[in-house]
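This report goes through a few local features of one structure. Please look at the sequence and the model before reading on.

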Amino acid sequence: MTSAAAGGGSLAARFVAIDSRRYLAPGEVVWNRRGRIVAVRKARGAVADICLLPGLVNAHAHLQIAPLAAPERDFVPWIGAVLRARAQGTMRGERQQVAEAVTDLLASGATAVGDIDSTGNGRDLLRRSPLRGRSYRELTGFHLDRVAARTLVRERWHGNRSGVLAAGLSPHAPYSVSAELFRAAARQARHLAIHCAEVPEEQQFLRTGRGPFADLLAQLGRLPEGFRAPGCGAVAWLQQLAVLRATTQLVHCQELLRGDVARIAAAGASIVVCPGTITYFRRQPPAVPAWLRAGIPVALGTDSRASNASLSMRDELAAAASMWPGLSPSDLFKMATTNGARSLGTAGLGTLRPGAAADFLVVPAAASFTATLAAFVHGQAPLQAVVCGGRRRRAHTSR
Ligand SMILES: [Zn+2]
């Protein structure tokens, strides 16, 4: 890497990926001292045998959550275990978790994240880190009426401050958020992240008002007196509430019902899938290729350490490649870059072009760009360097 007099730098390579499909061979990236790309151009003369790829976007994570002491593979008891662990957690522990997560994300090639912030602890650490993306403040409250919902949203919403991390709200899921809380969140924030259609019990609860979620809410004292179920599935319910929008990120969508793909595509909403979580709960991989064909921007996320062995986006990519073998390396790389950026509503991430942040990865060049990308998404190409904001960060040497 060379440093220019102005304090920026440049790097020439056999391949420079502009995005998942377009590349220059050979190419050169030039950035200024503020860490912004000022030129992506054909390189002249000798170049290193390397490929520059845009930094990865981890579209859904919970950086504060630590691994559970004892793994729990049934979803409703798992929620109980996560809530108990949170109740016993400390601010210091959560901050430590966030600090480690930031290091892990960067070292494994993620330069942007969509984080679900449950408690507010550690948000300043994420804000001061070089990671870009969006921090979604989490909201729960199945029992909240209109006044209580608006009060909670006012307390939790810190708005969009300057800096590289944008703000959003995450009304957690249709089984943990009241209709009024969804409406209040959607009124306050343009960008929402919602866990949606994750398990059959969620659909059962919304359609009939019965099942393990009704029991859990009753135990927690959060099932309102006289509650009546919406009588439809999760996606249709979000549509009725007017929260299914182009700026809404739906997470998981394991249990979509007839018509849901068309509903999501028509709204322009995105879906984030988390292969680590699919494996952890021993679920069937959902129909991602069909969703992509329907025009839905499907992104990749690691979810939390409570349902994933690591926060490595390279592990997620390799798992996605084996879960959906019909997807091309370019499709998979798009999910991990520009689709993630689209899902977070943060323009300029996941691509190398003038004006974008100088966030990129250095990997060995194979015989062709396609072969290089294939090796990368299958976890076979070592990460030689991670550059974020024009500065080199520590990289894991293997995936
Ligand atoms: Zn999640």
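Donors of a metal are here N, O and S atoms within 2.8 Å of the metal, and water is not among the atoms, so a site may look incomplete. The model is predicted.

**Zinc site**

By this definition, the zinc ion is coordinated by His-60, His-62 and His-195, each through NE2, and by Asp-303 through OD, at 2.1 to 2.4 Å. The angles among the four donor atoms run from 89 to 165°, and the site is irregular. Along the sequence the donor residues follow the spacing H-x1-H-x132-H-x107-D. His-62, in the loop between strand E7 (56-61) and helix H1 (75-88), and His-195, in strand E11, are 133 residues apart, so the pair links distant parts of the chain. Both histidines have a relative accessibility under 20%, and therefore count as buried.

| Residue | Relative accessibility |
|---|---|
| His-62 | 7% |
| His-195 | 5% |

**Helix H5**

Helix H5 covers residues 179-188, and its buried residues include Leu-181 and Phe-182. The buried residues of H5 pack against strand E11 (192-196), among other elements including helix H4 (146-156) and helix H8 (234-240).

**Strands E15 to E17**

Strand E16 (residues 385-388) runs antiparallel to strand E15 (residues 360-364), joined by three bridges. Val-362 stands opposite Ala-385. E16 also pairs in the antiparallel sense with strand E17 (residues 391-393), over three bridges, and Cys-388 has Arg-391 as its bridge partner. E16 and E17 form a hairpin with two residues between them, and Gly-389 in the turn has a positive phi of about 60°.

In a regular strand, side chains alternate between the two faces of the sheet. In E16, Ala-385 and Val-387 lie on one side and Val-386 and Cys-388 on the other, and all are buried.

Note on methods: Residues numbered from 1 in each chain as written. Predicted model: local features only at pLDDT ≥ 70, side-chain atom pairs only at ≥ 80, totals over all residues. Heavy atoms only, no water. Buried < 20%, exposed > 50% of the residue type's maximum accessible area, 1.4 Å probe, protein only. Helix = DSSP H or I, 4+ residues; strand = E, 2+ residues; numbered from the N terminus. Pairing = 2+ DSSP bridges. Contact = heavy atoms within 4.5 Å. Donors = N, O, S within 2.8 Å, 3.2 Å for Na, K, Ca; no water. Tetrahedral: all angles 85-135°; square planar, octahedral: opposite > 155°, others 65-115°.
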